Amino acid sequence: MSSFQVRRLRKEDAETVARLFVESFGDARRMDAGEIEEWFDNEALDPEKLLVLVDGDRIVGYFDLWLEDEKVDIDLAAPGIWDEALGQAENVARALGAKKARTFLVAGHEVESVVAGRGYGAIRASWTMEIEFGVEAPAEAPVPDGVAILPYRHPDDEQAVYEAHVDAFADHWEYHREPFEQWREFTVRSRNFDPTLWLVAWAGDEVAGYALNYPERAGDPGYGWVGTLGVRRPWRRQGLGEALLRRSFAALHARGRRRVRLSVDAENPTGATRLYERAGMSVLRQANTWERDLD
């Protein structure tokens, strides 16, 4: 029998939950109350699946569930009570019909031993990569013939960029086409959305590639963030990815960002990791995806 109660996250919990994430993961999951408050306005998130663990009147842990088909992604911050929090999350997931559970953890974190003890196995890795600049603006790269990299026009380009994103990521590991409205919630409706930092590569009237950049990652103003960079298959291996990346560096540098980061699948099938390393980025940290059956 658990010694903690589970209840829905409330807006007034935001500051406490943000502190739990920082206490749990440090710089790897830095966030602020504003990011958590934003979840309440995100129509893609189900408030029934945003939950806190309480001991009396004190919040001691947090977890949320993202259910797709019969798989559930579990995110949690529960310092000192990891095993119990994960057990509670799994019980809620089972009640919702989930057959498999996944969680995503910084490599080497203490909770990896907890998830391994509960029957999870590491199945995939991702990297956070970083580059640091001086005062001088970073060099740009040539753009392939027949392609023009232009500023994103909001909202005119919204649907075209979404369709290009779906196409560019179709061959990525376990990618599932997300509905347009869901994509919008995590991009153009994000509090850090700045259309002047988005870049669209046009080949005639077709989007060949794009870079969705942000002045910071939510809750951490210390660096610029390349949120998503994609090149559609017909325009790959022509230098467009590098041109978009370096143009993104220049745009963020012009905003005063001297460090830029991004996240990438460590086994990306399109060669993205090699591109980022060639552009001068290095691996800052690794995160692992862990999975187990819930039957």
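**Close-up views of a predicted model**

Glutamate 163 and arginine 177 form a salt bridge, with the closest N and O atoms 3.2 Å apart. This is a predicted model, in which local features need pLDDT of at least 70, side-chain atom pairs count only at pLDDT 80 or more, and totals for chains, interfaces and linings use all residues. Residues are numbered from 1 along each chain as its sequence is written, and side-chain values use heavy atoms, with hydrogens and water left out.

View 1. A salt bridge here is a side-chain nitrogen of Lys or Arg within 4 Å of a carboxyl oxygen of Asp or Glu. Helices (H or I, at least four residues) and strands (E, at least two) are DSSP runs, numbered from the N terminus. Glutamate 163 is partly exposed, because its relative accessible area is 34%. Buried means under 20% relative accessible area, exposed over 50%, and partly exposed in between (1.4 Å probe, protein chains only).

**View 2. Arginine 124 and glutamate 267 meet through their side chains in a salt bridge.** The N to O distance is 3.5 Å. Arginine 124 sits in strand E6 (residues 121-132). Glutamate 267 sits in the loop between strand E11 (259-265) and helix H8 (272-278). The partners are 143 residues apart. Arginine 124 is buried, at 15% relative accessibility. Glutamate 267 is partly exposed, at 49%.

**View 3. Glutamate 185 and arginine 189 also meet in a salt bridge.** Their N to O distance is 2.6 Å. Glutamate 185 counts as buried, at 6% relative accessibility. Arginine 189 counts as partly exposed, at 38%. Elsewhere, salt bridges that share partners join Lys71, Arg102, Glu174 and Glu291 into one network. The whole structure holds 33 salt bridges.

**View 4. Tyrosine 162 and phenylalanine 180 form an edge-to-face aromatic pair.** The structure holds 16 aromatic pairs. In this one the rings are 5.1 Å apart, centre to centre, with 65 degrees between the planes. Rings of Phe, Tyr and Trp (its six-membered ring) pair if their centres lie within 6.5 Å; planes under 30 degrees apart count as stacked, over 60 as edge-to-face and the rest as tilted. Tyrosine 162 lies in helix H5 (residues 158-168) and phenylalanine 180 in helix H6, so the pair ties together parts 18 residues apart in sequence. Tyrosine 162 is buried at 3% relative accessibility. Phenylalanine 180 is buried too, at 19%.

**View 5. Two arginines lie over aromatic rings.** The charged end of arginine 29 sits over the ring of phenylalanine 25, 5.7 Å from its centre. Arginine 217 lies over the face of tryptophan 225, at 4.1 Å from the ring centre. A charge sits over a ring if NZ of Lys or CZ of Arg is within 6 Å of the ring centre and within 35 degrees of the ring normal.

**View 6. Aspartate 194 is buried in a loop.** The loop runs between helix H6 (180-186) and strand E8 (198-203). Aspartate 194 has 16% relative accessibility. Its side chain makes a polar contact with the side chain of threonine 196, at 2.6 Å. A polar contact is a pair of N or O atoms within 3.5 Å; within protein, one must be able to donate a hydrogen and the other to accept it, and residues adjacent in sequence count only if both atoms are side-chain atoms. Beyond its neighbours within four places in sequence, aspartate 194 is in contact (heavy atoms within 4.5 Å) with Asn213, Pro215 and Arg255.

**View 7. The largest nonpolar core has 42 residues.** A nonpolar core is a set of buried Ala, Val, Leu, Ile, Met, Phe, Trp, Tyr and Cys residues joined through side-chain atoms within 4.5 Å. Leu9, Ile36, Trp39, Tyr62, Val72 and Ile74 touch the most other members. Helix H1 gives the largest share, 6 residues. Apart from this core lies another, of 32 residues, among them Ala125, Phe133, Val226 and Ala266.
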